[in-house]
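This report is meant to be read alongside the sequence and the 3D view. Please keep both open while you follow the text.

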Amino acid sequence: MSLRMRLQPEAIGSGMTSQRVRDRLVDRLRDNGIADERVLNAIRTVPRHLFVDEALAMRAYEDTALPIGHGQTISQPWVVAKMTESLLQVAPSRVLEIGTGSGYQAAVLAALGLEVHTVERIGELLRTARKRFRQLGMNVRSKHDDGRIGWPENGPFDAILVTAGAPAVVDALTDQLAPGGRLIAPVGGATSQVLLQIDRTADGRLEQRELAPVVFVPLRSGLVD
Ligand code: SAH
């Protein structure tokens, strides 16, 4: 490659977000136990670099959380993959996400053909995420609200993903889980949590299982413009 070519910004940009770089992330996720090919394909397809600031685009296909402003982060790809894989096991069609953030997790769910509803408390993050959904032609329903109340008018949901940590899962959310449905949420303290999978059985009981130790930003109350 000539020096001139190497210095062309498009060439550099596309190199850092190229299919080869995305495939490398997918290989890494597979090495770390993600086996569902539908999930791996969605991660391969959804352009994660469009969900972060341009200045961070070159790091978008590293398996790491990245800052998205307002003290929030786009989740680590392995965590997105793990939550999505667990959710697909109950063959959902309607899904609720609490904590839209960058919109990346919602976009991965939409790419899998699911009907996605997502709630975010920070207006500016939600507006940016909506632009991305539009740009990618994705039909994601979203609202600016405190996600701890869920979205009762649109429930019940076959699956609920909470993407911010809290000491416990609120009843309002498990109440919006359909029979046979599954809720996945990070539960614990401010600096680390365990990813819980809670199933509503056909006869209405709740069954709980621990999936993995995780680190999410905290679930907070109240709205921000
Ligand atoms: N799923 C996101 C991860 C975002 S980080 C992604 O793929 O990028 C968690 C998000 O949850 C933050 O944007 C934060 O503002 C939001 N959040 C925190 N508490 C919330 C609440 N009570 N209701 C709705 N969103 C909340």
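Where does H70 lie? In this predicted model, H70 is found in the loop that runs between strand 1 (66-69) and strand 2. The phi angle of H70 is near 55°, which is a positive value in a residue other than glycine. Most residues other than glycine have a negative phi, and most peptide bonds are trans. A cis peptide bond is present from G155 to P156, with omega near -5°, and P156 itself has its place in the loop between strand 5 (140-144) and strand 6 (157-162).

**The overall fold**

The protein is built with 8 helices and 9 strands. Its radius of gyration is 18 Å, close to the 17 Å that the globule rule gives for 225 residues, so the protein is as compact as a globular protein of that length. If a box is drawn along the principal axes, the C-alpha atoms fill roughly 65 × 40 × 35 Å.

**The ligand and its surroundings**

The ligand sits in the largest pocket of the protein. Three elements, namely strand 2 (72-74), helix 6 (104-111) and strand 4 (115-120), are those that give two or more residues to the shell around the ligand, and strand 2 provides the largest share, with 3 residues. In total, 25 residues surround the ligand, and the closest are E97, S102, E120, G147 and R220.

| Residue | Protein atom | Ligand atom | Distance |
|---|---|---|---|
| E97 | side-chain N or O | nitrogen | 2.8 Å |
| G99 | backbone N or O | nitrogen | 2.9 Å |
| E120 | polar side-chain atom | oxygen | 2.6 Å |

Conventions. Residues numbered from 1 in each chain as written. Predicted model: local features only at pLDDT ≥ 70, side-chain atom pairs only at ≥ 80, totals over all residues. Heavy atoms only, no water. Near = heavy atom within 4 Å. Polar contact = N/O pair within 3.5 Å; in protein donor to acceptor, adjacent residues only side chain to side chain. 1 Å grid on protein atoms, 1.4 Å probe; cavity = no way out; pocket = protein on both sides within 12 Å on 5 of 7 lines; lining within 4 Å. Sits in = over half its atoms within 2 Å of the grid points. Helix = DSSP H or I, 4+ residues; strand = E, 2+ residues; numbered from the N terminus. Rg over C-alpha atoms; globule rule 2.2 N^0.38 Å.
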